Amino acid sequence: NASPRLGTWTNEKITNRENKNLAAAAGAGATRQQQQKQPAEQQERRVPRQPLPRTRAPPNKSTNSDDETKHQQIIDWSNNVTGETLCEEVPVPFNYITNRFMRSSDDKIIEEERYFAKCSCNRLATIFTSNEDDPVTEVDVHDFNKGVCPTKGIDCGSVSFKFHVFKCPDERVGFGIRATQDISRGSFICEYIGEIITRDQAQAREVLYNKQGFYYLHDITGQVYAKRYSIDPTHSGNLGRFFNHSCRPNCTTLELPNNAQKNKKYASPSDCPTEKERLIETMKYMPRLAFFACKDVKKGEQLTIDYSPGRDGEEDGQALRQTVECRCGEDVCKGWLF
């Protein structure tokens, strides 16, 4: 797929030997205002949002002028996620959400149901193992994440590390994500959250988005009941919306099965008596796109991914369309995002 949408990134192997020392030194442990109840119909129509953001200034810094104060503001967007400005004030304004959703035929918002029963990090351990003689264990996976179970983070939509969304020096790049603490290789960053749409809907929106320079659409590779879907966080999304591209990224993505299907209520979504229930059941089978650090990330470093992994324009069938110029500045730069 050579369209200018975010591709499914390769599952980079994360070596075990290097991380054992890092994990041993890492400390264990890590860490929503409840929304007012509304009539069910109103809740369905409204995209789920966080409470109003709180603004605070960094400690031990003067805020003498209005401009200086505005520049130094840190705004709480969600748990462990802050921003340099309000979500409504970024170049492409959006609602910060923590659950994916689909729209019904009458344009109501139907939010997904999450489900976590027990740790299944053995699956991640298998993916992370690059040396069969020194396999990664579930304990190692938890240690990479400072003692926190990443499976729970993925299933519950939480963010365990602290991040700040900032305005990049190059205005053409827009905003990016900065780590505000050291993060070990193998750590879970966040899930890619947004509206779940069909591939046909994604292709139709892409025409408009490309004209506006919006490149947030991300395809889901796995099929759900013979249909293909994409994630669109353009107007409603989360932290993952702000990953910038690098030809030498420090993060990658794994497409993982959705554990919510273990809590299904019907044998198949087609058995559901209402459209709302059918959409909820369908989303339980929708794979999750999870970001992981594929390198150690230092405090203050920007988090990046490769928008077109495995495509360098040199192999047949892998040529980039050369529609958006890359500005990562790496010595291995491919020259183009797509």
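Trp77, Phe94, Tyr96 and Phe242 form one aromatic cluster. This is a predicted model, where local features need pLDDT of at least 70, side-chain atom pairs count only at pLDDT 80 or more, and totals for chains, interfaces and linings use all residues. Residues are numbered from 1 along each chain as its sequence is written, and side-chain values use heavy atoms, with hydrogens and water left out.

**Exercise 1.** Classify the aromatic pair of Trp77 and Phe242.

*Solution.* Start with the rule: rings of Phe, Tyr and Trp (its six-membered ring) pair if their centres lie within 6.5 Å; planes under 30 degrees apart count as stacked, over 60 as edge-to-face and the rest as tilted. The structure holds 13 aromatic pairs. For Trp77 and Phe242, we get 5.5 Å centre to centre and 50 degrees between the planes, hence tilted. Strands here are DSSP runs (E, at least two residues), as helices are (H or I, at least four), numbered from the N terminus. Last, check burial (buried is under 20% relative accessible area, exposed over 50%, partly exposed in between; 1.4 Å probe, protein chains only). Trp77 comes out buried at 3%, and Phe242 is buried at 5%.

**Exercise 2.** Work out which strands pair with E17 through Leu303 and Ile305.

*Solution.* Two strands pair if DSSP finds at least two bridges between them. Strand E8 (residues 175-179) and E17 (residues 302-305) are antiparallel, with 2 bridges; Leu303 is the bridge partner of Ile177. Strand E14 (residues 244-245) runs parallel to E17, also with 2 bridges, and His245 stands opposite Ile305.

**Exercise 3.** Find how many disulfides there are, and explain the case of Cys294.

*Solution.* A disulfide is a pair of cysteine sulfur atoms within 2.5 Å. Searching the whole structure gives 0. The closest cysteine sulfur to that of Cys294 belongs to Cys251, 6.2 Å away, too far for a bond. Cys294 is buried at 3% relative accessibility.
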